[in-house]
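Have a go at each one before you read its solution.

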Amino acid sequence: MNKYLYIPSCKIIRLDRNILTNKIILYIKSKLDTPVFYPQHPVLKGKSEFLYTIEAEDVDNNSVYQREITEIFGSNITILKNLAKFKKIPLSALIFFDDTAKIILDCFGIGRENEICTFFNSMDPAKKELSRLTALEYKLPAKKYINEDKPVKI
């Protein structure tokens with residue numbers, strides 16, 4: 001089953017910088033258990049974990065991505081000595097779930113906690129709209145399970 005999933009509250013549990021490939025790898029974990037209305041799969045059980053890879057040259061000071069990444073993290077993520085402080089920053093994530101693929105949870109967008117994602121692994125403007133729709137899908141079923149009807153005595 002293919003599905004886009006919105007994870008509103010996550011944290012970076014580990015962060016690596018591969019100097020040979022010039023990539024920054026974020027190891028991300030959801031702060032909340034996966035909602036019951038998401039697909040049932042072992043990788044989604046409880047607090048799911050996934051990776052997000054950032055090309056360091058994509059977020060250097062002269063890139064078009066720099067504004068988005070600075071908006072999320074508050075500063076430049078490519079500075080090696082500052083990587084540890086980014087672990088404290090809460091995130092949201094946009095995940096592509098495909099239980100038949102080699103990578104079952106493919107994270108391709110991150111943003112501020114409980115907000116739509118703004119930083120993607122491509123500049124495709126359709127991904128920002130996808131983030132809005134997926135966040136909305138997440139919010140609607142979550143409210144659906146709250147029983148607001150109270151019994152009325154006649």
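**Exercise 1.** What does the accessible surface of the protein chain come to, and what percentage of it belongs to carbon and sulfur atoms?

*Solution.* Keep in mind that this is a predicted model. The accessible surface of the protein chain comes to about 9500 Å². Carbon and sulfur atoms account for 55% of that surface. As for the interior, 39% of the 154 residues are buried.

**Exercise 2.** Work out how the strands are arranged in the sheet.

*Solution.* Start with the sequence: the chain has 2 helices and 6 strands, and they follow the pattern β-β-β-α-β-β-β-α. Next, look at the sheet: the 6 strands form an open sheet in the order S3-S2-S1-S4-S5-S6, with antiparallel pairing. Strand S3 (49–55) and strand S6 (119–120) are at the edges with a single partner strand each, so one side of each has no neighbour in the sheet. Now zoom in on one pair: S4 and strand S5 (residues 105–112) run antiparallel and are joined by 7 bridges. Phe-97 stands opposite Leu-105 in S5.

**Exercise 3.** Is Phe-86 buried or exposed, and which residues does Phe-86 touch?

*Solution.* First find Phe-86: look in the loop between helix H1 (66–73) and strand S4 (91–98). Its relative accessible area is 0%, and buried means under 20%, so Phe-86 is buried. Then check the contacts: leaving out residues up to four places away in sequence, Phe-86 touches Ile-12, Leu-15, Phe-73, Ser-75, Asn-76 and Ile-77.

Definitions and conventions:
Residues are numbered from 1 along each chain as its sequence is written. This is a predicted model: local features need pLDDT of at least 70, side-chain atom pairs count only at pLDDT 80 or more; totals for chains, interfaces and linings use all residues. Side-chain values use heavy atoms; hydrogens and water are left out. Helices (H or I, at least four residues) and strands (E, at least two) are DSSP runs, numbered from the N terminus. Buried means under 20% relative accessible area, exposed over 50%, partly exposed in between (1.4 Å probe, protein chains only). Accessible areas come from the Shrake-Rupley method with a 1.4 Å probe; for residues, only the protein chains shown count as cover. Contact means heavy atoms within 4.5 Å. Two strands pair if DSSP finds at least two bridges between them.
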